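This report describes a strand and its partners, then a pocket. Look at the structure before reading on.

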Amino acid sequence: MIDATPSVFDASLSGTGAGIDAFIDRHAPDSMHTYYGSGKVALRDGLAGLVEPGDNVVVPAFLSPAVVEPFHELGLESRYYAIEESLAPDIADLEARIDADTAAIVSVNYFGFPQPGLERIAALTDEYDCYHVDDNAHAPLSVRDGTLLGTHGDLGITTLRKLLPVPDGAVLYCTDETVTAQFAPSSLAGRSNRIATADCRFVAASIAERVLRTSPSLYRSVEALLADGTADSSSVDPDGRYEAAKVPMSKLSAIVADAVDPDAIRAARRANFRAWRRVVADREGVTPLFDRLPEGISPYEFPVRTPDRDSFLAALEERGVVGAHSWPILREAVREDDTYETSIRLADGLVALPVHQGIEPSAIEAVDDRLRT
Ligand SMILES: Cc1ncc(COP(=O)(O)O)c(C=O)c1O
């Protein structure tokens, strides 16, 4: 069975790796980095000293709805720019949204790949004298031409929860001198030094998950049962999601982050990305979003485009791939506006396939045979 996230018990984590901190120090020696429980709170703290209520932040329309919540908490307006098929910004649309109150422009490195047009965004932030936020939530270990993704702008973030089997965890990068000087960490900055109930709950869930992994049908039944019983609207409500993310990085996340071997994880993810590429190579109606896997990239997932997303997801699930999913759920304001037609079309036809280090490439190859039957 191929699920969405690695387990705390995966062998790939049991080595005596150098940990995430040393990796960041090695690849971003000139950035100051600070740990958080979530990327959203890291974004809030990073921008807090740089903006005034009434300013605006320009973000890509192709984005999960909760990401703009920290901007709203700071009294900022979020403005969405259109993107192209390649995920590059529609520069004319982006530029038209900038005005004297624009405090920052956000770029997003989708699925661990640098957003095409990063340099053009940097040129715009220079020209309009605003900050460039490099949102690298998806792939903490991606390096492009010697620069760690997340450190291309004046400030940036990355999310450890998307890489490791941890309940929470994120990093804020302050790259620019002014940003570093203005940064005042809130009480949510840093790593907790005691084991909390949430840590124990996470380990218990990992044990349960391990048992469920032995049987896709059992996994699906339990998943359906849990979905039925969720009265908690925070999973869909952006503001609720944001409020739930207001925790410091847990002790369990810190222990895992310190123990892992980033190079081994990146290599495993790359091998799984290539395995999926082979599996979908001659499959009609399934097109990889990225043709190439450049050196240094640590993919978050293997995204494909398909005209019939739901039947592809069903076919995958039938064959034990329970961790494939669509992405992102777009904000209403985006979904209802024709300007964002490309983002809507991309979101409606996208399936993200898991490549995490807990999967063996042979398990992905085996899906190939099953998809053909
Ligand atoms: C592009 C992007 N940026 C930021 C975030 C926020 O990260 P976190 O969940 O750590 O708050 C997400 C989360 O899904 C994301 O997809």
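Two strands count as paired if DSSP finds at least two bridges between them. Strands (E, at least two residues) are DSSP runs, numbered from the N terminus. The model is predicted, so local features need pLDDT of at least 70, side-chain atom pairs count only at pLDDT 80 or more, and totals for chains, interfaces and linings use all residues. Residues are numbered from 1 along each chain as its sequence is written.

S8 and strand S9 (residues 170-174) run antiparallel and are joined by 5 bridges; Thr159 stands opposite Ala170 in S9. Strand S5 (residues 131-136) runs parallel to S8, with 4 bridges between them. Val133 has Leu155 in S8 as its bridge partner.

## Burial of S8

Strand S8 (residues 155-159) is largely enclosed by the rest of the structure, because 5 of its 5 residues are buried. Buried means under 20% relative accessible area (1.4 Å probe, protein chains only).

In a regular strand the side chains alternate between the two faces of the sheet. From S8, Leu155, Ile157 and Thr159 point one way, while Gly156 and Thr158 point the other way.

## The second largest pocket

A pocket is an open set of points on a 1 Å grid over the protein atoms alone, where a 1.4 Å probe fits, with protein on both sides within 12 Å along at least five of seven lines; lining residues have an atom within 4 Å of a point. The second largest pocket holds about 330 Å³ of space. It is lined by 18 residues, of which Phe113, Pro114, Pro116, Phe290 and Arg292 are the closest to its centre.

Domain 1 (19-182) and domain 2 (198-227 + 260-372) each supply at least three residues to the lining of this pocket; the domain bounds come from an automatic or database domain assignment.

Technical notes. Heavy atoms only, no water. Points joined across faces, edges and corners; volume = space filled by probe spheres on them. Buried < 20%, exposed > 50% of the residue type's maximum accessible area, 1.4 Å probe, protein only.
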